[in-house]
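Hi,

Here is the structure I promised to pass on. Have a look at it first, and then read my notes below.

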Amino acid sequence: GGKEQAPMHRVCHKKIHSVLTEREIAVLYSTPDALRAHPEIARFIDWVQRHPPEWNDRHRSPRRTR
């Protein structure tokens with residue numbers, strides 16, 4: 001139901017939402033273990049773990065304040 005929270009790297013959050021719908025997340029992948037079991041998410045986790053913790057997705061430019 002969206003009540004459990006866990007810290008997550010921004011690129012990981014974006015990947016989850018690019019692969020799964022809100023409904024799939026709520027019904028089928030509502031726990032961290034369930035998300036890790038999804039094949040595409042698992043491959044992504046394996047890939048992103050090779051980067052240092054401070055690594056950022058360089059494809060997105062920072063927001064500018066006015």
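Let me start with a histidine: the side chain of His17 makes a polar contact with the side chain of Glu22, at 3.2 Å. (A polar contact here is a pair of N or O atoms within 3.5 Å; within protein, one must be able to donate a hydrogen and the other to accept it, and residues adjacent in sequence count only if both atoms are side-chain atoms.) His17 sits in helix 1 and is partly exposed, with a relative accessible area of 34%. Not counting residues up to four places away in sequence, His17 touches Glu22 and Ile25, where contact means heavy atoms within 4.5 Å.

Before going on, some housekeeping. This is a predicted model, so local features need pLDDT of at least 70 and side-chain atom pairs count only at pLDDT 80 or more, while totals for chains, interfaces and linings use all residues. Residues are numbered from 1 along each chain as its sequence is written, and side-chain values use heavy atoms, with hydrogens and water left out.

Now the overall picture. The protein chain has four helices and zero strands; helices (H or I, at least four residues) and strands (E, at least two) are DSSP runs, numbered from the N terminus. Of the 66 residues in the protein chain, 21% are buried. Buried means under 20% relative accessible area, exposed over 50%, and partly exposed in between (1.4 Å probe, protein chains only).

Which residues make up the largest nonpolar core? There are seven: Ile16, Leu20, Ile25, Tyr29, Ala34, Leu35 and Ile41. A second, separate core of five residues includes Val11, Cys12, Phe44 and Trp55. (A nonpolar core is a set of buried Ala, Val, Leu, Ile, Met, Phe, Trp, Tyr and Cys residues joined through side-chain atoms within 4.5 Å.) In soluble globular proteins, nonpolar side chains tend to be buried together.

In helix 1 (residues 10–19), Val11, Cys12 and Ile16 are buried. Down the axis of helix 1, the buried residues fall within an arc of 140°, so they line one face; the arc is that of the directions from the helix axis to the C-beta atoms. Their cover includes helix 2 (22–27), helix 3 and helix 4. In helix 4, the buried residues are Ile41, Phe44 and Val48. These fall within an arc of 60° seen down the axis of helix 4, so they too line one face of the helix. Helix 1 and helix 3 are among what covers them.

There is another histidine to look at, His38, in the loop between helix 3 (32–37) and helix 4. Is His38 buried or exposed? His38 is buried, with a relative accessible area of 13%. A polar atom of the His38 side chain lies 3.2 Å from the backbone nitrogen of Glu40. Leaving aside neighbours within four places in sequence, His38 is in contact with Val19, Leu20 and Tyr29.

Last, the aromatics: a search of the whole structure finds one aromatic pair. The rings of Phe44 and Trp47 have their centres 5.6 Å apart and their planes at 40°, so the pair is tilted. (Rings of Phe, Tyr and Trp, its six-membered ring, pair if their centres lie within 6.5 Å; planes under 30 degrees apart count as stacked, over 60 as edge-to-face and the rest as tilted.) Phe44 is buried at 14% relative accessible area, whereas Trp47 is partly exposed at 36%.

Cheers
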